[in-house]
Structures are given as C-alpha cells and as structure tokens.
Amino acid sequence: MYLSRIKIKNFRNFKLLDVALAGNIVVVGENRVGKTNLIHALRLVFDPSLPDSARELGIGDFWDGLGPLDEDSEIEISVDVKDFEDDLDVLAVLTDYRLATDVETVRLTFSFKPLDGLGHAPSTSEDFEFSCYGGGDTSKRFGHDLRRRLTLDVLHALRDAEGDLATWRRSPLRPLVEEAFSSIDLDDVEDIGTKIKEATDALIDLEEVSDLETKIATSFLEMSGPKQDVRPKLGFAATENTRLLRQIKLLIDDGERGVADASLGSANLIFLTLKTLELDNLIMKNQRDHSLLAIEEPEAHLHPHMQRLVYDDLFEKSSKTIADQPKPPLSIILTTHSPHIASVAPLRSILLLRATPDDGSVGQSTATIDLTNDEADDLARYLDVTRAEMLFARGVILVEGDAEKFLIPEFAAEMGVTLDEHGISVCSVAGTHFKPYVKFLEALGIPFSVITDWDGGYGQKRITNIVHLIDDTTGNARAAEVAKIDEIAATDDYEAFDAKVAEFGIFTNDETLEVDLIKGDFKDQIIATLREGKFGPKRTKRIDTYEAKYTDDDKKAFLALVEAIGKGRFAQRLATRIQGIAVPPYIAGAIQHVVDRV
Amino acid sequence: MWLIVSNRALYLKAAEDLRSNDGQWQAYESKDHCVVLAGPGSGKTKTLTIKFARLLSEEIEAPRGVACITYNNECARELEHRLAGLGVEPSKRVFIGTVHSFSLTQILLPYGRSLGVGLPEEFSVATLQQQRTALENAYNEVVGGPANPQNARFGMDFYRRSNLDRTKPEWRGRDQQKALLVEAYERHLRAAGLIDFDDMPLLALRALRQNKWLRNALVAKFPVLAVDEYQDLGRALHQMVVGLCFHSGMRLLAVGDADQSIYGFIGAYPELLQKLSERAEVETVVLGLNYRCGSLIVEASEYALGEARGYQVPENAAAGTVYFHPLTGGYSGHADHFFSTILPAIEARNPELTPGQIGILYPAAFLGDEIAQAAEIYGYGIIRTDANALYPRSSRLMRWLEQCAAWCCNGWRNGNPRWTRIVAEGTRLFSEALATDEQKTEFGRSLLAHMWQHRDSQNDLFDWLNEINGALLSPLLIIGGRTLADEKVIFDTFVERVGPNGDVGKMGLGQFSGEGAGNDRINLSSLHSAKGREFDVTVLFGMDDGRMPRANSTQADIIAARRLFYVGFTRARTELHMAFSAHNPSPFVTEVEERLN
C-alpha cells in the first residue's frame with residue numbers, strides 16, 4: 001500500500017492543502033510553514049499512541065484565517081491509500097473503507113466539527129466532537145483496531161536519543177531484548193545470575209570496597225531511620241533472572257564504552273537502527289501490517305555523508321520491489337531542511353510547503369509530475385546536493401554551466417539584488433537539457449527563469465519547446481501567446497522572439513557567455529583575467545591579439561584558453577572584476593524575472 | 001478486540017471429545033476444503049464449532065477471520081451460543097449469520113454503488129406492503145388481467161432463485177413471462193430505493209461475479225468460509241461458494257445432510273451438496289454415528305427415509321421406542337386423545353420428563369391450532385414455532401425483547417438474564433444506528449433507566465411494548481432501517497395482536513418473558529421449523545395420507561415430503577410417536593410399521 005493523497009482542511013497552518021503523494025514523502029519548506037503540523041495531521045489519523053483526548057482538538061487548532069467559527073466549521077484530514085490489495089492482511093483491514101466512486105482507493109478521514117444539532121455557533125471546544133471514518137461515509141467508523149495494524153511512528157526532531165537509549169522504558173532496545181529473551185528458558189539465565197552474584201561478592205571481598213559499602217549503609221541508616229532503610233549495597237547489577245534482561249546495555253566501540261559516550265550523531269543513528277529493527281519485528285510477528293515511519297529533521301547531528309548514506313538506505317528499503325512479493329510494509333515520511341537528504345529522496349516523494357499571505361500554507365508535490373522514464377532517470381541522477389538546493393529556494397535561475405553560476409550572483413549584486421536574501425538559487429543543468437528541471441519546478445510551483453544560448457539559431461527550437469512545455473504543465477492558459485511565438489519563430493524577427501519568450505522567463509544570449517562578454521562591454525576584464533593564467537609566450541601573444549581586436553574567428557582558440565584556466569575558476573576570477581559595468585540585459589532580465597516572482 | 005479466542009483451554013478440552021470419533025477427528029484435523037456429510041444426531045454442530053474455534057486460534061491470524069453462514073437466525077444464534085462456550089466471542093473477525101445477512105452486511109452495505117449491480121445510492125429493505133405494491137405494478141405491466149397479482153409471487157420467487165444467470169438466453173427462454181415479471185418487479189423496487197430479501201444473495205452473487213476486487217477483499221477478510229446446513233441454502237449460495245472457494249482461494253468447510261434437505265420448494269437442491277463433496281479438491285468426511293436417537297429409532301428412521309444409510313449408534317445406547325397411534329374423531333379428536341391418554345402414559349413412563357422435552361411436530365400450522373386449543377383445556381403451557389405462532393422464533397428483536405421482559409420480571413433481582421448480555425445483544429442488534437462509543441454508552445444508559453422504571457411482572461405487555469418503543473426502539477429501528485426492516489414489521493404486527501383490538505387478547509409481561517425459555521411448556525412446531533432441534537419425546541401429529549405427502553403430489557414432491565418426514569422422525573431421543581387417522585395413514589407410516597414388524 002502507499003499513501004496517494006493527503007487533504008488537510010482548516011487545520012493550523014492549512015486552509016486547504018490537497019496534494020497527490022506517491023508513497024514516501026519528503027516534506028520540505030521554510031521554518032514555520034507547517035511541516036510538523038502536517039505530521040501531526042497524519043498522527044490524528046494513524047498514530048495509536050496518541051490518546052483520543054489528544055484528538056479532541058481545540059478552537060485554537062482551526063486555521064487562523066477562518067474568522068468566527070460557525071456550525072459548519074470543520075477540520076478535516078483525509079488520507080487516500082492505494083495498492084492495498086497485495087497484502088491480504090492490509091486488504092482485510094482496509095477493504096471496508098473504499099470510496100464508493102473509486103473502489104481502487106481507500107480514504108481515511110479525521111474530522112473535528114461542532115456537535116450535530118448544536119443550535120448555536122460553537123464557542124468552546126466542548127461544542128465539538130471528533131470522528132474517524134472511512135470511505136467518505138461518516139457511518140463507517142474506524143479506530144484503534146485499524147491504527148494498530150497500520151501504524152504511524154514519529155521520531156521527533158532533536159530528540160534526546162542518548163537519554164532514550166539510557167532509559168529502559170523508552171529505549172527502542174527494550175522490545176528487541178524482550179523479544180529475544182521471550183524464547184530463552186529462565187533457568188538458563190539463572191546460571192548467569194549466579195555468576196554475576198559471585199563476581200559481585202568477590203568485589204565486596206576487597207576490604208576497601210566492603211568498608212565503603214558499610215560506610216554508605218551506616219550513614220544512610222542514620223539519616224533515614226530504620227523504617228525508611230533501603231539497605232544500599234555495592235555491585236554490578238541486579239541478579240534476579242527476570243530482571244537480568246534490563247541490565248543489558250548497548251555498548252559501542254566493541255563493547256569498550258557505553259552509549260552515553262557516543263557522539264550525538266552516533267546515538268541518533270543507533271536509535272534509528274534499533275527503531276527500524278523493531279518495526280521489522282512487529283511486522284514479522286504479525287502484530288502490524290504496515291508502518292508509516294515519520295522522522296522530523298533527521299539531519300540533526302548527522303554528518304552530511306551519513307545523512308545521505310543512512311537515508312539512501314532507508315528509502316531503498318521502503319521502495320524495494322522483489323518480483324511476486326508484496327511491496328515492503330514500510331513508508332517513510334520525512335521533514336527536512338537538508339539538501340543532502342533531499343538529494344537521495346525518491347524523485348516523486350517531494351512535497352513542498354509554502355506560506356501564502358491569505359490562504360495559509362499551500363503545498364505542491366512531485367508525485368504526479370509527468371516525466372518520461374529517461375527524464376526521471378536524468379533528474380534523479382542530476383539531483384545532486386547542489387541541485388537539490390532548488391528545493392529549498394524560493395526562486396531558481398536555471399543556467400547551462402558553471403560560468404553563469406559564478407557570475408550571476410555578482411551581476412545581481414551590481415543590480416542591487418542579493419540573491420541569498422531573496423532565496424534565489426542559480427542552478428546549472430550542465431548542458432542544455434532543461435526539460436526535466438522545468439517540469440520539476442513547475443510541479444512544485446517554484447518560480448524560475450532560464451538562461452540559454454541562441455547557438456546561432458540552433459537554440460531556437462529548444463526555446464520554443466520549453467515554452468510549449470511550460471504552457472502544457474500549466475493547463476494551456478497562455479495558448480494564444482504560445483501560438484504567437486510559433487508564428488514569430490517562423491520569421492527572422494529575432495528581437496520580437498526574444499521579447500516574447502522573455503515573458504515566459506526564458507532569456508537568450510547570442511553565444512557562450514564568455515564569448516558574449518568579450519564581444520560586449522567586458523573585454524578589458526576578460527583580458528585581465530586571462531593574463532592571470534600566466535600562459536607562455538605563444539598564448540600570451542594570442543591574448544595580446546584579442547586585446548587589440550577580437551574577431552569571430554578567434555572564438556575556438558579563445559575558449560580553449562578559458563578551458564585551460566578552467567571555466568569555473570575563470571568565472572570566479574572574472575566575477576571580482578565586473579563591478580561598475582552595465583549588466584548584460586538578458587542576464588538582468590532573467591534575474592529580474594525571478595525577483596519579481598518570489 | 002482482536003483477541004477473540006479468550007481461552008484456548010476451552011476448545012482444546014472440547015476437542016478431546018472428538019478424538020474417539022474418526023469422522024469428527026478427521027474434520028477437526030482437516031487442512032483444506034472439507035465437506036462433512038453428517039447424519040442426524042451425529043454431532044455436526046459440535047464438530048463445526050470446535051473446528052471453528054481452532055481455526056481462529058491456531059490458523060487464521062488477525063486481522064483476517066472466519067465467516068460462518070447458516071440457514072437461519074435461529075441456527076446462527078445456536079452457533080454463537082456454542083462458540084461463546086468455547087471462548088470465541090463475536091468480533092470483527094468473525095461473521096456468523098444467514099446467507100442474507102452475509103450478502104447484506106459484507107457485500108451490499110459496505111460497497112453499495114461501486115458493485116455495479118444497480119443498487120440505489122441509499123437503499124432499504126422493502127416491507128411486505130412495499131413488495132406487494134411493486135409486484136402489483138409489475139404484474140399489471142407484464143401479465144394483466146383480473147387475477148390477484150399476489151398469487152404470482154411464489155412462482156416468481158422460485159423462478160428468480162433457480163435461474164441465476166440472466167445473461168444466458170435461458171433466462172428469458174425458460175419462461176418468458178416469469179422472467180419479465182421478475183425484471184419488472186425488481187425495477188419497481190429499485191425505483192422506490194428498495195431491495196427485498198431474495199435480492200440480497202442474488203445481487204451479492206452478481207456483484208461477486210462482476211468484481212474481482214470484491215472476491216479478493218472477501219478472501220482477505222475471511223480466508224475460511226464455514227457453511228452449516230448446506231443442503232438448504234440454495235443455488236445462489238452454492239455459486240458464491242464455488243466462485244470464492246474454488247476460483248478465488250477461500251477455504252471451505254461445509255456441513256450438511258442431503259437427506260435432511262426440506263426447502264426444495266423454495267429453491268434448495270440437495271444435489272448441490274453431493275456435487276460439492278465429489279469435487280477432487282475436497283476432502284469428504286462422513287459422520288455416521290447417531291448420538292441422539294435410540295438404536296431402534298435409528299433403524300426405523302432408515303425405513304422412514306426409504307434409503308439404507310447404515311448409520312450406527314454408540315455402544316450402550318438405549319433402544320428407544322416407536323409408537324403408532326391410529327386415531328379417530330378428526331384432528332380435534334386426535335389432539336384430545338393425545339392429552340387425555342397418550343401424554344399421561346408418556347409421563348408415567350418418564351417421571352423425570354419436563355414438558356419442555358416434548359416436541360409435537362406437524363405438517364401444517366392449522367394442526368398446531370388444534371393442539372394449542374387442547375393444551376389450554378388440559379392446562380399445559382406451549383411454545384409455538386410455526387406460521388401461526390405469535391411471532392417468528394427467528395426474530396432477533398423479539399427474542400431480545402423477551403430477554404428484556406425477563407429482566408423486568410425477575411432478572412433485575414436474580415441476575416438471570418445478565419444485564420451485560422442484554423446490553424451487548426441490544427448493541428449488536430442496533431449496530432447500524434449506534435455508530436460511536438458515546439451512542440453505545442447512551443443506549444445502555446437509557447435502556448437501564450427505562451427497564452428499571454418498568455420492572456414489574458404485572459405490567460400489561462401492550463403498554464410495556466408501546467412504552468419501550470416510544471422511549472427507545474422507534475428511532476433505532478428507523479436508522480437501522482436497512483437491516484431491521486423485517487424486524488420492525490414483526491414487532492408492529494405483534495403489538496397490534498396483543499393490543500385492545502388484537503386477536504391474542506391481553507397478555508402480561510410475565511407470560512411474554514417466558515415465551516422463549518422455560519422447560520415447563522410443550523414445544524409445538526411445524527416439521528420445517530423443527531430442523532436442527534431435538535426432543536426426548538417427539539410426536540409426529542397428523543401423519544395422514546394427503547398431508548404426508550400432500551394430495552396430488554408429483555414424484556419429486558413425494559421425495560421431498562419423505563425427507564421432511566425423516567427430519568421429524570430423527571428429532572426423537574427416546575420415544576417417537578406417530579399420530580394419524582386410523583382409516584387414512586400416511587404411506588410413510590405404513591411402510592415403517594410394516595418393516596419394523
């Protein structure tokens with residue numbers, strides 16, 4: 001099974017969130033946008049450890065913008081589930097909750113609304129009641145019986161993993177040890193208990209230790225009086241066989257140290273390991289049929305490499321498909337700020353939350369994004385850490401290569417714009433294959449512009465394709481404008497073409513950026529940067545020629561010099577020299593396009 | 001709530017009883033499809049219930065469960081009662097009920113419109129009056145003419161139950177008028193947002209045929225399907241069983257006895273059980289040891305059936321006796337003779353016997369009237385189970401009200417029946433109307449408040465019923481309309497009959513509370529309703545030619561009547577009495593008498 005949709009109405013940050021999902025969910029978004037509230041919404045439906053008293057929400061849980069509450073005010077959280085027929089246990093639990101209009105979909109709903117027939121506007125939380133029902137039919141109630149089989153576990157942000165590991169009751173080690181011990185004969189353990197007792201006795205035989213023990217016992221007795229005496233002793237552990245298992249501790253470094261000595265990061269990792277083992281166990285023992293594991297900000301305390309390694313593995317585990325086997329009974333739900341985690345997240349798992357001034361937080365997801373398999377592969381491959389930054393940006397400028405990536409922030413600074421302040425990222429697609437990125441950003445509703453080469457006319461087809469793509473993914477709202485662009489493209493009126501596609505956020509330079517710049521107002525700066533390359537006499541002479549006069553015939557050799565320095569390095573150095581010169585209009589246009597929209 | 005087998009020791013202990021009987025043990029140990037062909041008194045219900053408990057405890061793990069379909073609510077209640085004794089409590093994992101309630105609660109109500117079988121968005125079960133109206137409209141449309149449309153009912157229903165696949169040309173080919181009548185009748189019901197009882201299994205079967213997801217869902221919920229009294233469950237159920245068990249992966253545990261098939265006249269076919277047992281993938285077990293009847297009665301029962309079955313009795317079983325009573329003076333004379341002469345002799349032979357251990361069985365309800373009148377003259381109490389009974393014994397609502405009445409009379413004082421059971425049964429009865437825990441709690445609370453106020457056995461039944469109806473039942477019956485429509489009709493009819501203008505006359509609460517229980521009254525029952533019951537002393541009354549079998553019977557009717565005779569015959573433990581007109585005995589009686597001599 002997998003979660004195929006979530007709809008949240010009037011709950012905390014959300015006026016209406018309604019997004020498609022594709023199983024695992026990676027929730028990204030700025031602080032205070034409602035990531036934790038989204039997890040809490042899922043808990044209201046799925047978490048058996050949440051008592052019903054916590055499902056009795058309060059008036060403060062309604063979305064602030066709702067205004068005065070009336071008898072129709074309702075908080076509604078609906079989760080749709082699909083593919084629930086493979087596992088017969090899951091099917092048995094869910095089949096009653098199919099939608100009448102779509103038997104392939106199960107809907108589970110939490111609702112909090114005024115009591116029936118209240119007769120006045122609700123004024124206190126007493127006037128409300130909650131209910132959990134399925135199939136969109138309020139008479140089909142579900143409760144603990146379902147939550148025990150399809151369970152949400154939450155690992156909260158910044159949890160005290162070390163403390164939890166150290167406390168027996170809260171330790172994720174406890175159920176594992178108890179399970180392991182359940183098949184051990186207590187008599188076998190007794191022997192071990194005896195040996196521990198012997199060791200303890202041997203310890204006490206040391207005079208210094210027994211003196212200390214006596215001293216403690218005497219002073220305690222003096223302070224407490226005989227009635228309160230707890231008879232303190234020194235020793236390693238309780239030795240009674242039923243209590244022995246509680247003495248088992250997780251040790252690190254080959255048993256050299258206790259877990260308290262582990263780093264925060266390791267402690268978290270250990271916690272997560274034990275937790276996933278416990279989930280596996282529950283399913284194996286048929287006490288549960290599917291786990292929804294929600295982890296808030298798992299990046300806390302984890303080194304970037306570890307973040308990628310751990311979560312890559314976890315996602316792998318939850319989406320592994322073996323032929324003729326049901327899908328793994330595990331769904332992962334993460335909230336994160338980490339591009340490292342986003343970079344390993346399954347492509348269709350991204351759910352982006354964004355605050356709006358009037359409509360609360362809204363969300364968009366990549367679940368139903370229309371990508372061909374090749375495009376999806378491309379994007380997944382390219383979604384490395386740097387590009388995963390896109391997800392955390394409010395706006396994106398897509399460029400072809402590193403030169404733009406380094407230079408554009410400086411050009412923006414020239415325009416008095418600090419990209420970081422606006423949350424705008426410049427992302428290189430390392431080539432001209434913009435399509436999957438455009439689809440991805442459109443799906444998530446992130447404003448963007450594209451800077452691409454005209455390539456002596458070869459680029460025109462690519463540009464019109466992108467225009468068509470943008471219009472297609474937004475429901476062909478601008479079909480008339482697109483037709484116009486097609487019309488102009490058939491003529492030689494390149495200026496009109498550029499102006500029109502700019503309205504779609506696509507900006508063209510005539511040639512490769514460096515060539516454009518040397519032919520434009522940046523010749524002196526480029527020559528100066530080239531000279532820093534400390535070339536030999538032959539190539540220095542070539543630079544001299546360019547300084548005197550640069551012609552189109554020099555292009556190949558010029559670019560070879562830039563390559564020799566390294567495109568990125570060259571761009572970084574050039575970036576320090578561009579102050580005080582007018583920003584090329586197509587770059588200014590691309591920057592302004594995004595700035596206006598974030 | 002998932003842990004429904006609360007005490008494994010209970011059924012494990014009970015299972016030890018099965019060990020000495022090879023057939024019962026084989027059924028208990030069966031691992032795949034199993035059909036149990038069980039003769040009378042062979043402990044089939046016991047075997048079925050113990051196996052059921054074992055399945056739930058050892059083989060079928062939560063959240064999946066077991067469904068058990070049986071012939072009527074009475075049988076369902078009996079199974080529930082026995083399972084409770086084995087530590088199996090009702091839960092979501094267990095379904096026990098009729099094929100109608102299985103169809104309704106597991107298929108039609110949960111999935112409704114998605115089934116694509118033409119169910120209206122909100123539907124309810126038609127009352128008798130609504131069915132009559134629909135039939136009248138359909139009849140005028142299809143047949144017309146001056147005849148009473150209601151007379152077409154029996155033929156139409158039979159045709160509907162027997163011809164299941166309407167996509168085949170035979171549907172209209174066999175009897176076009178009947179087919180068109182059925183179609184029109186159903187159309188009129190649907191237009192009014194209604195289905196009738198026959199619709200339930202028919203629509204469910206069609207839904208199962210059309211929707212693979214539905215078959216999968218049922219297999220997921222109920223990996224094992226148990227069917228009791230298979231021989232009387234009809235074609236629709238048989239096809240459901242074949243589809244679910246032999247094509248979709250459900251496991252079957254069927255129990256029945258073709259010799260005891262007595263509902264052929266409404267569309268049951270004893271051959272279906274036979275066919276089932278002949279399938280290659282089915283393990284067939286025969287239970288041939290009769291623990292109920294005396295050895296002589298077992299021997300005579302084969303003459304009654306007219307077939308040799310070779311059934312045995314356990315060692316040391318009593319012989320039992322078969323009595324023939326040729327009587328005169330019409331049926332009122334027969335009844336009088338029974339109470340004046342035969343009954344005192346029975347009592348003299350069996351000093352320990354209570355009236356509750358006596359059953360008088362007859363082929364038609366008017367014979368019950370004769371016996372009831374005589375009983376009254378001779379001062380015997382009776383419990384009737386036939387078409388002229390105060391209300392159908394299978395009514396869950398009426399049986400529950402009897403319990404409520406018993407609590408009002410003495411139960412509040414002596415804890416019998418227990419209050420918790422009354423509340424639990426009531427909550428289940430009205431489950432459709434009591435959706436939330438709050439509503440359930442509120443129901444229990446107001447029920448107690450009402451009962452406490454009316455706890456007096458001197459109460460007039462008519463007033464008591466009206467008060468509980470006003471205070472509690474009416475809203476529940478309206479909301480529970482889809483599952484309780486028939487119960488509401490039964491209730492309303494009964495209230496009318498015990499009211500000031502009714503035919504029954506004044507009745508006290510105490511009298512009503514004893515209706516369902518008590519060993520101090522003689523059981524009167526039609527032969528059909530006696531199915532599955534047993535009595536120490538069984539009297540077959542009115543065993544005349546022309547009644548057993550009826551006059552003008554076809555060969556098939558005679559065979560069916562003979563099976564009915566056999567069913568009545570095998571209810572007896574120690575004494576079997578046959579009362580008949582001296583000049584006109586049933587040929588079945590004559591044959592038994594001749595062969596015994």
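Modeller: Over all chains, a search of the whole structure finds 73 salt bridges, a salt bridge being a side-chain nitrogen of Lys or Arg within 4 Å of a carboxyl oxygen of Asp or Glu. This is a predicted model, in which local features need pLDDT of at least 70 and side-chain atom pairs count only at pLDDT 80 or more, while totals for chains, interfaces and linings use all residues; side-chain values use heavy atoms, with hydrogens and water left out. Residues are numbered from 1 along each chain as its sequence is written, and chains are lettered from A and ligands numbered from 1 in the order in which they are written.

One of the salt bridges joins R279(B) to E281(B), at 3.6 Å from N to O. R279(B) is partly exposed at 27% relative accessibility, and E281(B) is also partly exposed, at 37%. Here buried means under 20% relative accessible area, exposed over 50%, and partly exposed in between (1.4 Å probe, protein chains only).

Another salt bridge pairs D196(B) with R153(B), with 3.4 Å between N and O. D196(B) lies in the loop between β5 (194–195) and α10 (199–210) of chain B, and R153(B) in helix α7 (residues 153–162) of chain B, so the pair ties together parts that are 43 residues apart in sequence. Helices (H or I, at least four residues) and strands (E, at least two) are DSSP runs, numbered from the N terminus. D196(B) is buried, at 1% relative accessibility, and R153(B) is buried as well, with a relative accessible area of 18%.

In chain A, E481(A) forms a salt bridge with R478(A), and their closest N and O atoms are 3.2 Å apart. E481(A) is partly exposed, with a relative accessible area of 25%, and R478(A) is partly exposed at 28%.

Between chain B and chain A the count is 1 salt bridge. K221(B) and D96(A) form a salt bridge, with their closest N and O atoms 2.8 Å apart. On the side of chain B that touches chain A, the elements giving two or more residues are α5 (99–111) and α11 (212–221) of chain B. The most comes from α11(B), with 5 residues.

The contact (heavy atoms within 4.5 Å) takes 18 residues from chain B and 20 residues from chain A. Chain B and chain A bury about 1,800 Å² between them, 56% of it on carbon and sulfur atoms; buried area is the accessible area (1.4 Å probe) that two parts lose on being put together, summed over both.
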